[in-house]
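Hi,

Here is the structure for your files. My notes on it follow below.

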Amino acid sequence: GGGFGGAPGDPRVPVPGGGAGLSRRPPGMARQGSGAMLASGGLGFPPQNVARVVVWEWLNEHGRWRPYSAAVCHHIENVLKEDARGSVVLGQVDVQLAPYVIDLQSMHQFRQDTGTMRPVRRNFYDPSSAPGKGIVWEWENDNNSWTPYDMDICITIQNAYEKQHPWLDLSSLGFCYLIYFSSMSQMNRQTQRKRRLRRRMDLAYPLTMGSIPKSQSWPVGASTGTPCSCPQCLLVNSTRAASNAILASQRRKLYPGAVRQSSTFAGGTLWPAGTGAPAVVAGGAAKGEGLRVAGAGFAPGQGVPSAALPGLNNLNRPGTQRGAGLGARAAVPPGVPALPVKNLNGTGPVHPALAGMTGILMCAAGLPVCLTRAPKPILHPPPVSKSDIKPVPGVNGICRKTKKKQLKKSKTPEDVVRRYIQKVKNPPDEDCTICMERLVTSSGYEGVLSPRGIKPELVGKLGKCGHMYHLLCLLAMYNNGNKDGSLQCPTCKAIYGEKTGTQPPGKMEFHLIPHSLPGYTDSKTIRIVYDIPTGIQGPEHPNPGKKFTARGFPRHCYLPDNEKGRKVLKLLIVAWDRRLIFTIGTSNTTGESDTVVWNEIHHKTEFGSNLTGHGYPDPNYLDNVLAELLAQGVSEATLKD
């Protein structure tokens, strides 16, 4: 039931159908009819004087080439025309790709914050095919967002669509999926699971004619002179150093004795002779040893052709150490300081982004650096059978559902405001913090609101906290909120009445599973599952009548099964019933508007680690969430009621 695709360098890319029906071709080999396929080690060329569409692609850990977007490909082509030896900063055209740099010389994508490297290639397709027309075919993934198909699959789907075929069988491409154009869906032939499918228009991919001019041929000719010391060039050169050193180690393992040890990189000297060239310590180095490797080049004529090296495609696959251990020392120019590197295996407390940027700076300064696999968050517990799932002790039921809000029409806004305030005959000469006019003058909402019986100069004091406002200002604030019969002081956030939210209809389940959270090894775990479907916004939402999306549901959250954890669960159930857990707004993560988002009550969604900040161990979490619930008016007193 999986799909295709993922972001560059994303370690959680699903294999189609969970691996079922996936044909394992030798990496770098073409599927029939897919266009000219190119080896990862060099630039490809279209046939002489024939127009071709250029698509840049990167190799994921499943051995499949994933296309960059058309906008990114145009950007890469523009950089290629200016400097074929250069480096492409992908974040300049797509902010979501900000960590990624492509080194055109080694044809690798480098992730700056983790050190992840992946081969890239420049591929060609017919101008009349889908990429030439700017047509993108996508499938809906488990997060309810859209992922583009591999380019050859996209082209195959478009060809069948243009010929008005009712369906398409992808088994000829090695995938056990059927495409149905009438329902615009994809079905897994083994599991019968269906996913939505869509066809959309985008920017057409760049067009090229004939071969690349000689000055831009691959590999690049030598350059001489002192390198530029600007930050961008240091980044480019250090990226290239890391890339070439790791590639050299791979080639050395495949072809012992074939690589000539050299202080030059493939096709060009980056540091003059006698200066400190960047060195890389591979992750597999002997314990306690500072193993230094100059950026040993692999220029033409050094014994190994620039065609496909099968071992290169094992980079970044699961179980393969990134920057595998080197068997022998390479020549290091004089002046490079030795720096032993220990225990840099990605399990330390250093933030990956900090570690990655530190590595780049060390590399640029001529110091060794260790590039290792970044740890992956453990989002879910091991599989749990239904017989092992138990109710939470002391908590009634295992499920709560909310329906559409029933608006209370018994009390008018004026009645609600009057209920919680006391009139002040002689107000002090202070500002009303709602309208910012003086309390001794009329409300700033005079003329905007004309309620019965409330004059613009009337001032009231809230009963519990004593803060004073114009009655008209409090009325305006109430009308602009949820109108649920409660009032919240804008100064101290004290709540009057029972505060409710705007959470859309959905379901909350909770139960006990026989696994322990980090930091709570003596306790089982409470698992909460929230599920909210997409729907139409109601009158209490930002855009009534407009559709809202619900991404990433069902959402799984975790609490320790101890006294305080069970208390938090009971209060979360109250917050759910009051529609306070979620709201509709704009996602801080994706920027998408009119979507279901968390509502200021933090949850732990990472089961076995705390790499995202939303996991365990976190000794302060239970106290923090109790304080957040209290701020929403959900306290232990509500449990006694």
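**Helix H8 against helix H9**

Lys 564, Gly 565, Lys 567, Val 568, Leu 571, Leu 572 and Ala 575 of H8 are in contact with Leu 622, Asp 623, Val 625, Leu 626 and Leu 629 of H9 (contact: heavy atoms within 4.5 Å). By class, these residues are eight nonpolar, one polar and three charged (Ala, Val, Leu, Ile, Met, Phe, Trp, Tyr, Cys and Pro count as nonpolar; Asp, Glu, Lys and Arg as charged; the others, Gly among them, as polar).

This is a predicted model: local features need pLDDT of at least 70, side-chain atom pairs count only at pLDDT 80 or more, and totals for chains, interfaces and linings use all residues. Numbering runs from 1 along each chain as its sequence is written, and side-chain values use heavy atoms, with hydrogens and water left out.

H8 spans residues 563-577 and H9 spans 621-631 (helices: DSSP runs of H or I, at least four residues; strands: E, at least two; numbered from the N terminus). Their axes come within 10 Å and cross at roughly 25° (lines fitted to C-alpha atoms over the stretch in contact; angles run from 0 to 180 degrees between N-to-C directions). That makes H8 roughly parallel to H9 (under 35 degrees).

**Helix H7**

Seven of the nine residues of H7 (471-479) are buried, so this helix is largely enclosed by the rest of the structure (buried: under 20% relative accessible area, 1.4 Å probe, protein chains only). Among them are Leu 471, Cys 473 and Tyr 478. The cover includes helix H6 and strand S17.

**Pro 383**

Pro 383 sits in the loop between strands S15 and S16. Pro 383 is exposed, at 81% relative accessible area (exposed: over 50%).

Best wishes

Note on methods: Angles under 35 degrees count as roughly parallel, over 145 as roughly antiparallel, 65 to 115 as roughly perpendicular and the rest as oblique.
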